[in-house]
Amino acid sequence: MRAARSILVALVTVAASPAGVSADDVISFRRHVWPILKRHCYGCHSGEKPEGKLSLATAASIRSGGDTGPLLVPGKPGRSLLIQMISGEEPSMPPKGRPLSRAKIDVLKRWILQGGKIDSVAPVAEPKVVIPVEYTHAPAMTAVAFSPDGQRIACACRSEVVVVTTSGTGIPLRLPTRSDLLTHVEFSADGKMLLAAGGTPSRFGEVCVFSVADGKRVLARRVSGDTLFRGGFAPDGKRVALGGADGAVYVIPLDEKSAVRRIELHSDWVVDVAWTPDGKKLITAGRDKATKVASVQTGKLLRTVDSSPERVSSVVTDGVFAVSAGKSRALIGYQLDVALQNISVTGAGNGAKPITRRNQYAKNFEGQPGEVIDIAISGNRKAIAVAGAASEVRVYTVADRKRTATVKNVRVPVYCVALNRNASLLAVGSRDGYLEVFRLPKAERTLSRIPVPMKKTVGSR
Amino acid sequence: MNRKPRTPVMFLPTQLTTSGTQQMATMTTNRPFFMALGFLGMLALAGSVQAESPGVIGQLTVEPSQLVMTHPRRGHSVVVTARTPLGRTVDLTAEATFGSSDPGVVRVSPLGWIEAVSNGTARIQVQANGLLGVVQVEVKLPAAVPRHSFRDDVMPVLSKTGCNQGACHGYSLGKNGFKLSLRGADPKADFDSLTDEFLGRRINRHNPSASLFLTKPLGEVAHKGGVRLEADSLEHRLLLGWVREGAKADSPGAATFESLSIYPRRVVIGPGWQQQLQVIATYSDGSLRDVTRLSVFTVNTERIAAVTRDGLVQASMLGETAVSARFERTFATAEFLVLEPREDFEPTPVPTDNVVDRFVIQKLNSMNVRPSALVDDAGFLRRVSIDMTGIQPEPDQLQAFLADKDPKKRTRLIERLFRTEAFVDQWSLKWGDLLQNSRTKLSDPAVFAFREWLREAVATNRPLDQFAREVLGGQGGVSESPTAAFYAVSNDAHDTLQRTTQVFCGIRMLCARCHPHPFENWTQEDYYGLFSFFNQVATKNDPRLPGVKNAKSVVINLKTGFGTNPRSGQAQPPRFLGGREPKLATGGIDRREAYIGWLTSKDNPFFARSLVNRVWSYFFHRGIIDPVDDLRSTNPAINPKLLDALTADLIASGFDMRHLMRTIVSSRTYQRSSVANNSNIHDDMNFSRFVPRRLPAETLLDCLVQATGVPEKFSGAPAGFTAKQLPDANIQSDFLKLFGKPQRMEACECERDSGANMLQALHFINGQSILSRVSAGNGRVAGLVKSEKEVVGLIERLYTWSLCRRPTDKEQAVAVKFFSSYGDKRQEAAQDFMWALLNSREFMMVH
């Protein structure tokens with residue numbers, strides 16, 4: 001009876017083990033090697049900051065190896081770093097947990113012995129982006145923007161952009177992307193182009209530009225290893241700056257070829273970026289709780305103007321003030337000229353020595369009723385709208401920090417807000433997928449709809 | 001928190017110079033100690049694995065035998081067992097074959113997983129080892145397929161896969177921007193962070209399998225936590241199903257989880273055998289759910305058994321252990337007893353005259369273990385003297401005891417020891433440690449006043465409930481109340497509640513200050529509920545002792561309101577351990593009184609029980625629950641009936657500490673020899689033999705002083721104080737430090753280091769503590785060399801002063817030979833000889 005169980009266990013072990021390949025088999029990277037690497041190594045050796053700079057994400061990066069050199073010496077398992085790291089009494093890898101079984105190491109050895117060929121270029125299949133014709137669950141609205149003339153509103157609905165008329169008439173224009181999660185939409189200053197940015201979490205970031213007239217995609221560029229976050233067009237309209245998950249701001253030229261600039265500023269996600277109107281400075285908000293100012297020309301940090309007790313979600317600027325807020329519910333304006341007084345960047349950079357103190361330039365707005373998720377600034381840069389977990393959206397004048405309008409009973413949580421040029425219209429996008437438009441300052445609701453088509457039979461949330 | 005769990009003490013074998021080697025060899029072969037036993041035990045085990053082929057008798061036991069299935073997705077396991085003629089459990093689940101009488105109603109997998117198909121009744125037929133069993137199944141499915149539940153489907157998976165454990169996203173700051181509540185304490189917060197944070201990036205409702213929440217643990221994208229989820233596993237299907245249905249919050253009013261049970265509760269198996277566990281959750285609507293695959297299993301003693309992720313227990317060594325299953329922050333525990341087959345075992349007659357022996361023998365019989373014989377008179381005299389009074393008997397006491405023919409002399413000895421001053425020294429030292437009476441936090445007068453109070457309480461045998469009432473009721477400065485020192489030691493109310501709970505309830509609450517306790521269902525509500533009893537207590541400088549260091553006065557601010565639970569931000573009303581909240585005014589009364597009343601009540605489930613366990617541990621190598629001040633459901637008592645009986649006995653005696661001690665030391669269990677027999681050689685947990693332990697620092701030093709006749713001078717304490725009488729640890733003594741005297745900075749028994757290390761051994765071999773004492777001109781050795789003219793007499797005196805027994809004939813012969821090798825250098829020979837005796841493990845251990 002015991003023996004029977006032992007045999008059963010033995011059978012199961014063989015079936016589950018990659019050692020199931022017999023001695024003469026040709027080892028396939030895709031079929032035999034990759035499952036081992038994926039299970040034991042890929043978790044750390046992939047992504048934005050792979051451990052030891054070794055990424056197993058692509059065939060090329062596997063071939064080139066990491067900090068300590070190439071992984072393989074084809075034909076020589078004993079001299080290959082891969083085998084050295086995982087074998088021995090106390091193998092260096094994996095750093096935690098059980099060492100690889102002898103059978104698995106054997107498969108890797110034989111693969112190297114046979115030449116270590118990588119027969120599959122993309123070991124990790126990229127998931128398809130699904131954009132249903134009709135949705136069962138309304139996709140959360142993750143970004144919203146007015147056209148410069150205020151006639152149209154672009155909504156990011158998870159993976160697609162939907163452009164509706166502000167009056168609610170006509171058929172919405174649906175613009176699918178290959179990003180799982182869009183985080184930013186914005187019309188160009190002339191209203192002809194529509195920017196959509198985002199990406200697929202933990203895989204890539206992407207920027208798309210559509211021609212508004214015909215809905216054609218005119219540009220798509222992939223950068224970074226995770227989604228891009230919010231940001232915006234440079235005042236010259238030729239570049240966009242967007243936050244990255246690796247702590248860098250990505251300055252992306254709107255053509256296929258010119259180099260993308262990475263400006264490393266934060267120790268965690270850069271969740272929002274704002275240009276000063278002169279195009280010389282970038283204000284950034286980070287999940288590392290910091291609000292920072294950097295020079296566009298040099299790519300250097302000018303000053304960390306604030307460190308919040310909680311993560312910061314959004315930042316806007318009119319050129320005089322930068323305004324940021326986040327989970328801590330404090331909405332704070334930073335007077336840039338005072339904050340940056342006599343700042344000079346020396347040496348390797350990031351060595352600026354500020355002379356003013358925080359209380360000389362930080363000006364508190366009134367406290368917010370809930371976590372702030374988005375701040376919008378009007379086209380004329382005079383008013384801002386502040387929204388988030390609370391059921392009201394508040395509108396302020398930047399210069400005097402006075403509240404000018406309050407829109408109550410919005411659908412919570414609000415993920416995104418937008419103001420038109422002169423702040424007479426407010427667009428609110430919520431997690432439940434609704435777009436609502438209000439006329440300011442009286443807060444009359446002029447539109448309330450889910451912009452994507454919904455299946456009729458199924459109720460939405 | 002628990003830095004040093006108490007383990008059976010093993011002193012390192014000391015290296016000896018050539019002159020001593022022979023003697024030591026003789027002595028140690030005489031006294032087999034635990035270490036050698038343990039090794040032999042392992043040898044014996046290696047040969048015995050799977051020795052018995054488990055022929056089974058009688059019927060199959062099929063669990064469950066009846067089953068009502070009301071959920072289309074929730075299957076149920078079957079555990080099939082039978083018994084051997086020797087009464088042990090054989091798990092036949094893996095060998096059994098299963099068949100359904102109506103696959104249109106229920107189907108069953110080859111491994112015995114039952115799934116509902118449609119409404120009706122059917123039978124699952126089980127066959128194993130030629131025996132038959134049946135599960136009656138009734139299927140009553142609801143009209144509509146129930147939605148996946150965040151609370152009941154997703155949360156258990158987050159625990160099972162380890163996502164919310166402390167090292168991962170359960171860490172207080174989360175990991176990589178994603179935070180879950182530790183072990184699922186806060187489902188609402190977890191729901192929000194999963195579905196809502198960062199624009200809902202973790203969940204994709206219209207492309208569920210692309211959700212980051214799934215691709216990360218599946219290992220499809222970079223995940224520092226590695227692969228936590230197998231594709232298409234039960235866990236994966238539950239998470240995916242929930243996202244597919246829109247990742248919705250639970251509708252209010254749904255049935256909630258209420259309790260957890262485990263099957264089998266108690267298992268007796270052989271080494272190398274297996275047992276599948278089954279864990280059942282009960283919900284508020286009365287429905288039962290098999291959550292075996294969603295439970296997290298842990299084994300308390302890993303060398304005894306291992307448990308797989310799915311609850312299959314594999315026994316490896318003889319002994320016993322608890323296996324705990326955790327589901328929804330609730331624990332259920334199964335006891336495993338791993339036994340050698342012993343067909344010739346004859347149970348020991350169960351004594352009825354002593355409550356200790358009765359339950360210890362019952363337990364030993366169930367384990368096929370015979371207890372060791374009783375220790376001889378000399379051995380008992382030394383053991384009980386050391387344990388009760390912290391000092392060895394002197395030779396004339398030994399002489400008198402051996403010569404005494406009264407059959408009740410052991411009982412009389414115990415009564416005599418109660419009346420000694422050393423008894424007061426010994427137990428006021430223990431209380432002083434536990435209550436942290438120390439000049440580190442208290443003024444000099446306060447320490448001595450509290451010390452005197454403790455001595456008086458011990459000397460008059462103050463009932464323990466009254467003792468606790470007075471300790472916890474102190475108020476004012478030294479002159480008003482010596483026991484106010486208890487509060488003056490605390491930094492704040494946190495300190496006080498943790499110390500009080502640990503000392504008087506045996507429970508460690510520190511974890512629950514910041515998050516739910518990981519091994520017990522204590523929450524921050526429970527913690528701050530205790531806090532609110534003590535947060536009126538404050539200390540200020542004692543105005544009557546200006547300029548005196550640490551002079552404090554304990555004041556009660558009656559106006560202070562309840563404490564605030566940081567998680568909810570709300571005031572937490574006082575709450576006793578266990579959940580009851582007494583109706584107390586927020587101000588104007590001293591809330592400690594309610595606590596003291598609850599604590600010292602006869603019905604208190606913690607007070608007497610924890611004290612019994614603690615006192616027990618002072619007389620044995622471990623508590624009945626061990627560690628002694630860590631009582632919780634996941635740390636079950638090794639002998640619950642024994643603990644219950646002693647607890648009831650203590651309460652019935654009116655919390656009489658001496659009555660408890662008397663019951664313990666009068667028992668045969670306490671008086672067992674440390675020599676094992678072939679049936680209890682493996683057992684070091686059930687008190688079937690006396691397991692030697694190292695003498696505590698103070699006892700060791702006092703015994704050394706007594707044996708050599710050379711006193712120790714302590715700077716920082718009044719002259720003439722023995723080590724046990726020292727007011728606290730703020731004295732200069734390398735010896736006491738080296739042997740682990742606690743600094744009284746913690747209310748934990750673990751602060752006393754009872755372990756052995758190389759430095760201690762070196763100190764005994766080369767240090768002045770022994771060398772200078774044996775060679776002192778005015779010491780014991782010098783005196784005996786003068787007074788004892790005959791070598792034989794000298795040897796006997798050296799033996800009785802050092803080891804508290806006479807040498808055996810063989811030892812005597814070896815010793816005589818040793819002395820003759822020194823020629824006329826008798827003084828030198830005697831010094832070397834006593835040095836060797838004091839370096840023996842026999843001297844260093846209570847055995």
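Helix H2 (29-40) and helix H4 (81-86) of chain A are among the elements that cover the buried residues of H5(A), where helices are DSSP runs (H or I, at least four residues) numbered from the N terminus. This is a predicted model, in which local features need pLDDT of at least 70 and side-chain atom pairs count only at pLDDT 80 or more, while totals for chains, interfaces and linings use all residues. Residues are numbered from 1 along each chain as its sequence is written, and chains are lettered from A and ligands numbered from 1 in the order in which they are written.

The buried residues of H5(A) are Lys104(A), Val107(A), Leu108(A), Trp111(A) and Ile112(A), a residue being buried if 20 or more other C-beta atoms, placed from the backbone, lie within 10 Å of its own. Seen down the axis of H5(A), these residues fall within an arc of 135°, so they line one face of the helix; the arc is that of the directions from the helix axis to the C-beta atoms. Just after H5(A), Gly115(A) has a positive phi of about 115°.

Chain A is divided into two domains by an automatic or database domain assignment, and their centres, taken over C-alpha atoms, are 44 Å apart.

| Domain of chain A | Residues |
|---|---|
| domain 1 | 2-113 |
| domain 2 | 141-449 |

Between the chains, 26 residues of chain B are in contact with 33 residues of chain A, contact meaning that C-beta atoms, placed from the backbone, lie within 7 Å. On the side of chain B that touches chain A, helix H5 (197-200) and helix H6 (212-218) of chain B are the elements that give two or more residues, and H6(B) provides the largest share, three residues.

Note on methods
Buried ≥ 20, exposed ≤ 12 C-beta atoms within 10 Å, placed from the backbone. Contact = placed C-beta atoms within 7 Å.
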